[in-house]
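Hi everyone, thanks for coming. Let's take a few minutes to look at a structure together, and please stop me whenever you like.

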Amino acid sequence: MSEPLLCIRDLKVSFRLARGILNAVGGVSLDIEKGQILGLVGESGGGKSMVGLSVLRLVPEGGEIVSGRIVFEGTNLLEISEDEMRSIRGSDISMILQDPLSSLNPAFRIGSQIVDVLRLHKGYEKKEAELIAIELLHNMGIPDPKKSLQKFPHQLSGGMRQRVVIAIAFSCNPKLIIADEPTTALDVTIQAQILRLLNKLSDEYRTSVLFITHDLGIVANLCDRVAVIYAGEIVETAPTRELFKNPMHPYTKALFRSIPRHDRRQEQFYSIEGMMGTPIDWPDRCKFYPRCSEKIGACGHTDFVEVRACAPGHHVRCLKYE
Amino acid sequence: MIEVYREERERFQKVKRFLSNGKVLFGGVVLLLLIFTAITAPYIAPHDPNEQDITATKTPPFWMEGGDTNHVLGTDSLGRDVFSRILYGSRVAMFVAVVGTFFAGLIGVILALLAGYYRGAVDNIISRFVDIWISFPPILLSIVLMAVLGTGLTNVALAIILVDWTRFCRVIRGEVFNIRERDFILAAKAEALGNFRIIVKEVFPNIIPLLLVLVTLEMGIAIIVEAILSFVGLSVEASIPAWGQMIALGRLYIHQAWWIMVFPMMCIIMSVLGLNLLGDGLREVLDPRLKVMGMK
């Protein structure tokens, strides 16, 4: 098998707070193959966004990538200079953020925002860039792209805005796109359209996508592989089908149980007991231990739980499967 | 065709939205009037403002008994024409308002952008400096500055710049703080824009509405500060007519010739009121929250 496009190994990101050190990401390893869509699933505060930001080295102030490797096409992104990193941002790796209203600058027409990116990274002339922008918007399924270029972000609907954001992300033919909950702020029908678009574009351009979400339904439809993250640790990774057929980690199972089902009468919605809390100075044992309903005797004492393969391509971090 | 028509109409509605706000309309008219008189004072003033006429001192305005249409608003204790002096006085007021506000804004905005964008140590240094600066009472500070710098028009402007840049710096820094947390800044970083470019192209355009409001308010403040300084005789030389100076002189004759003091006072009040209302109205019209809600 060829080398993966992006290979994250043992990534640790921590924030120094007054209360202690917060380990937002604690040793994450992930692989994304070329053209693959990898879903990174977990609940809020689980560190999924931080993994995405780390890849672009845009961890917010106060946070720091403590250790690990992020190898993109053979280069360790954590070792190159800021200038070299900037030449990768936007052109090789780009990002789609959650809220399309705030990820476009309200002060400029969308045309100039797309044109700016094209000129910056590809060195196009203004006229040329405008033509490409029209073509891009057309590909995104935006009606009357020429007129849309003249509009300000607030004149477009949420779905259209997110299409523009996606157009900007794809404008320089990146090899990898980090999509951080790109459909969370949209309503369900628009969500489906945007996902279909992403899927189509990823196929057409052979672009890999790191798709960060908390919605397992989206994962099922879109992703080739899934990684489940809890409190900054990957607890299970598997091909999408395999994961849905045979979830193994108690957290993954609990996530599936938390999806409301319309075909079964439920007295109460299922939810995982307790809260994840903030991972400050947590013991090294399994992070899900306090909330786990399937814990066994050894769980409380064993410091480090290894990831093991239980089926081809299916890895899980749980003592039950030792 | 219909499209063109619609765009025309949208543009027209934008203008209408500005003008339908009474505050903007009133303040705008005041501001235009001020600019007009400041520029054309030498051409429209009926008399030389310094021309003394000992035979016609303290002539009342024309509609009063003993008034003279030659001196529309009367004359002062030295027989100088009050109306002409008021027209010329607007030049000092406008010079100070425009120059003082522009440079105070420039300094304030640059420091605010740096502090708000880089935060951390940069913000600490700039903000603590602003705190210390602000802790001096502004009027006292400007009087001390004038005493040190000496009188003169440019020095008045300089004193106002040195006192008032903090006003811009504080307010805009807060706004920059908000803006830099928005996703489009992160998106710009993910598109590999440099810090300088992000500040100039992404952050700055978004503070313009606020800046516009601050500028109009600051112009009003500058006019007041100049009036205070010239009232205590620390502004321009005595040969240049200024409103504060006229009030100071008129104060001595308030019982015999109220018009010497009252007309320049009214000018100051109207100018400052107009500029404040303009600022207030602009805030209403430009507030993006109201705009998003579709307020016309």
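Let's start where the two chains meet: 18 residues of chain A and 14 residues of chain B take part in the contact. What sort of residues does chain A put on the side that touches chain B? Nine of them are nonpolar, six are polar and three are charged. Keep in mind as we go that this is a predicted model.

Now let's turn to chain B by itself. Chain B has eleven helices and zero strands, so if you walk along the sequence you meet one α after another. The C-alpha trace of chain B spans about 75 × 60 × 30 Å along its principal axes. Chain B has 296 residues, and 42% of them count as buried. Here is another number for chain B: take the contacts with a separation of 6 or more, and 71% of them join residues 24 or more positions apart.

Next, let's zoom in on one helix. Helix α2 of chain B covers residues 22-44. A straight helix of 23 residues would span 33 Å, yet α2 spans only 29 Å between its end C-alpha atoms. Where does α2(B) bend? Look at Ala38(B), where the bend is about 45 degrees. Within four residues after that comes a proline, Pro42(B).

Finally, which residues of α2(B) are buried? Val24(B), Gly27(B), Leu34(B), Thr37(B) and Ala41(B) are. As you look at their positions, remember that an α-helix has 3.6 residues a turn, so residues three or four places apart point the same way.

Methods
Residues numbered from 1 in each chain as written. Chains lettered and ligands numbered in written order. Predicted model: local features only at pLDDT ≥ 70, side-chain atom pairs only at ≥ 80, totals over all residues. Contact = placed C-beta atoms within 7 Å. Nonpolar A, V, L, I, M, F, W, Y, C, P; charged D, E, K, R; others polar. Helix = DSSP H or I, 4+ residues; strand = E, 2+ residues; numbered from the N terminus. Buried ≥ 20, exposed ≤ 12 C-beta atoms within 10 Å, placed from the backbone. Expected span 1.5 Å × (residues − 1). Bend = angle between axes of the 7 residues up to and from the residue.
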